[in-house]
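Please go through the model below with its helices in view.

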Amino acid sequence: AWRPSVTAGRPTPPESGMSGEEAWRAAIAASAAAVAANLAMLHRFDDPEGPHQLRVALRRLRAAERLHRPLLAGPVSEELAATARDLGRLIAPLRDSDVLTAEMQAVADDALSLSLRQANTAVRAETRSALLAAGATGFAIRLIELAAVGGWRPGERRADRPAGALSARVLTRLWKRAARLGDRLSTLSDADRHEFRKLLKKIRYCIDISPVEFRQKSFLNALKKLQEDLGTLNDIAVLERWAPALEADTEPGFADARARLLQVARGKGDLALGRACRHWRGLRAEVRPWEAGRGLSRHRERNR
């Protein structure tokens with residue numbers, strides 16, 4: 001039987017000097033293919049990679065829209081940004097359910113495992129229905145149309161810009177917002193730390209579709225380490241609020257199993273926050289790839 005391939009929709013990075021329009025065409029083509037394939041995967045199969053990679057593809061689409069916004073018609077920008085955001089939010093409960101069901105089954109008895117699988121199946125069905133109601137299939141077709149036919153330019157043609165300049169503009173703004181939070185990381189509230197994590201994700205997705213010279217290995221490695229630490233902390237928050245619809249007789253077992261998982265996770269979380277603060281200092285000291293061509297020295301970067 002036919003089975004769609006799972007893809008995160010990462011386009012080939014623009015080469016140095018590539019125009020913004022060329023970079024946008026590559027990005028929208030990759031996003032269209034990835035959203036369509038992963039949406040088909042989510043609807044036809046129970047593979048957890050379907051919803052996971054669909055969320056990734058939607059995030060890459062949002063990054064592409066953010067980077068290339070000056071070249072796009074306003075209604076197209078608004079449509080892409082809002083719809084990708086809304087669809088991503090619809091998929092989030094299923095992604096959480098897939099991940100946490102697998103983790104919980106490692107410590108669950110047979111009755112609880114069955115109840116968890118049934119709850120996960122129900123969330124998958126609800127997500128599929130919600131995506132259909134939200135017009136996700138039509139949105140996938142719309143992306144394919146934009147990639148193949150066009151229609152994304154404004155009525156009054158705007159001058160093209162280098163892809164590198166478009167990327168630097170957005171990354172500079174995202175970094176300033178992230179730095180205001182990162183410099184207070186040890187004292188951030190849960191909400192602000194979550195916002196910091198989201199900003200770092202946006203930075204990473206924007207770099208992924210930026211020109212090749214933006215892929216400075218040491219910067220990306222430092223960013224990855226920090227994201228892993230913040231991901232550990234986020235996993236605790238997600239597990240704490242997770243409340244699957246279980247059979248009543250398995251709820252006490254669920255509470256016990258979650259308490260055991262949380263005990264281990266919180267122990268890791270205490271260490272993760274300390275590591276995150278160290279890794280933020282390391283990332284802060286790196287020359288930002290989008291600023292490397294401006295002649296900024298590493299010493300100046302460390303002291304900004």
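Helix 8 (residues 217–241) and helix 9 (residues 251–285) pack with their axes 8 Å apart and at an angle of about 150 degrees. Axes here are lines fitted to C-alpha atoms, for helices over the stretch in contact, and angles run from 0 to 180 degrees between N-to-C directions. Helices are DSSP runs of H or I with at least four residues, numbered from the N terminus. Helix 8 and helix 9 are therefore roughly antiparallel, the word used for angles over 145 degrees. Helix 8 passes helix 9 in a left-handed crossing, that is, with the near helix turned anticlockwise from the far one by less than a right angle. By class, their contact has 16 nonpolar, three polar and eight charged residues. Ala, Val, Leu, Ile, Met, Phe, Trp, Tyr, Cys and Pro count as nonpolar, Asp, Glu, Lys and Arg as charged, and the others, Gly among them, as polar.

This is a predicted model, in which local features need pLDDT of at least 70, side-chain atom pairs count only at pLDDT 80 or more, and totals for chains, interfaces and linings use all residues. Residues are numbered from 1 along each chain as its sequence is written, and side-chain values use heavy atoms, with hydrogens and water left out.

Arg258 is found in helix 9. Beyond its neighbours within four places in sequence, Arg258 is in contact (heavy atoms within 4.5 Å) with Met104, Leu239, Glu240, Arg241 and Trp242.

The axes of helix 1 and helix 2 cross at roughly 160 degrees and come within 9 Å. That makes helix 1 roughly antiparallel to helix 2. Their crossing is left-handed. Among the residues that meet are Trp24, Ile28 and Asn38 in helix 1, and Leu54, Arg60 and His68 in helix 2. The residues of this contact divide into 15 nonpolar, six polar and two charged.

Side chains of opposite charge can pair when their charged atoms come close. With a salt bridge taken as a side-chain nitrogen of Lys or Arg within 4 Å of a carboxyl oxygen of Asp or Glu, the count comes to 18. In one of these, Arg124 pairs with Asp46, the closest N and O atoms being 4.0 Å apart. Arg124 lies in helix 4 (residues 110–133) and Asp46 in the loop between helix 1 (20–44) and helix 2 (49–68), so the pair links distant parts of the chain, 78 residues apart.

How confident is the predictor? On the pLDDT scale, the predictor's confidence in each residue from 0 to 100, the protein chain has a mean of 92, and 93% of its residues reach 70 or more. Over residues 295–304 pLDDT stays under 50.

Definitions and conventions:
Helix = DSSP H or I, 4+ residues; strand = E, 2+ residues; numbered from the N terminus. Parallel < 35°, antiparallel > 145°, perpendicular 65-115°, else oblique.
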